[in-house]
Amino acid sequence: MLALISSTIANSIRRPGIPLMLALVLAVPAWAAAVAFVDEYKSGIPWPEPKVIDPGPIGGPPSDATVLFDGTSLDAWNGAENWLVADGACGPHGKGGLTTKDSFGDVQLHIEFATPAEVKGAGQGRGNSGVYFLGKYEVQVLDSYDNQTYFDGQCGSVYKQKPPLVNACRKPGEWQTYDILFTAPRFDDQGQLLKPAAVTVLHNGVVLHNHFELLGDTAYDRPPAYTPHPPTGPIHLQDHGDRVRFRNIWVRPIVEPELPQK
Ligand code: MG
């Protein structure tokens, strides 16, 4: 537009046949629009004010979190009858996993775990559990302290897809933290994948995955694959037969703000 205006003005000077009025008719609205654009930019994008929350103690839960386990109650879960609650922690004992009653999509999850202090077994048979998002996508829990296994199956791996960037495991029996950001995959109405799932994992405060885009679900016996599903689903804690313990479990949906419509 500016180039057109400039050339029109230049032509009107060089060629008096083109009326100067035409250049002015074009220039005035363009100038007004440019001024309005700059004014709007200077006043800033009209973001809604971020909600004020209480972040709570170190390790949370923040005031807007959904607490899934506070050390006493497993009311938020199906399968609780198969888990033991003692000393502010809960854990499986070979009778089945835990699955949230509620469904979640894009979330921040905090969970603390401890693999058994008494070391038994090796490889995948040592302190094995797992955190599943939408019931399908597993971040591995394993005792990987001085315990070799396949790298995309060690503690903190996206199971059978991606090893952790580092091995940040504490010793068996010590409490450890996972802080996980999970973005659910999106499918269109025909079931075609629009956007893959993605995960960011901090283990004991150390980054293991930085927005890794999953290749599909995390089966142990076949390659990962996507099958269409709703954008939310349950969080699941695996019972792999080992006495892994969990505590301080909370989750926050990640909701992007909506800009006001013009
Ligand atoms: Mg597992």
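The paragraphs below go through the domains, the metal site and the aromatic contacts of a predicted model.

The protein is divided into domain 1, covering residues 2-41, and domain 2, covering residues 66-253. Taken over C-alpha atoms, the centres of domain 1 and domain 2 are 62 Å apart.

A magnesium ion is coordinated at 2.2 to 2.4 Å by N128 (OD1), S129 (O), E138 (OE), Q140 (OE1) and Q238 (OE1). Along the chain, the donors of the magnesium ion follow the spacing N-S-x8-E-x1-Q-x97-Q. N128 lies in the loop between β6 (107-114) and β7 (129-133), while E138 belongs to strand β8 (residues 137-141), so this pair ties together parts that are 10 residues apart in sequence. N128 and E138 are both buried.

The aromatic side chains give a count of seven aromatic pairs. One of them is formed by F187 and Y226, with 6.1 Å centre to centre and 70° between the planes. Planes over 60 degrees apart count as edge-to-face, and the pair of F187 and Y226 is therefore edge-to-face. This pair links distant parts of the chain, 39 residues apart: F187 is in strand β10 (residues 186-187), and Y226 is in the loop between β13 (206-213) and β14 (236-237). The relative accessible area of F187 is 15%; buried means under 20%, so F187 is buried. F187 and Y226 also belong to one aromatic cluster together with F133, Y137 and F182.

A ring can also face a charge. The charged end of K160 sits over the ring of Y150, at 5.4 Å from the ring centre.

Definitions and conventions. Residues numbered from 1 in each chain as written. Predicted model: local features only at pLDDT ≥ 70, side-chain atom pairs only at ≥ 80, totals over all residues. Heavy atoms only, no water. Donors = N, O, S within 2.8 Å, 3.2 Å for Na, K, Ca; no water. Helix = DSSP H or I, 4+ residues; strand = E, 2+ residues; numbered from the N terminus. Buried < 20%, exposed > 50% of the residue type's maximum accessible area, 1.4 Å probe, protein only. Domains from an automatic or database assignment. Phe/Tyr/Trp six-rings, centres within 6.5 Å; stacked < 30°, edge-to-face > 60°. Lys NZ or Arg CZ within 6 Å of the ring centre and 35° of its normal.
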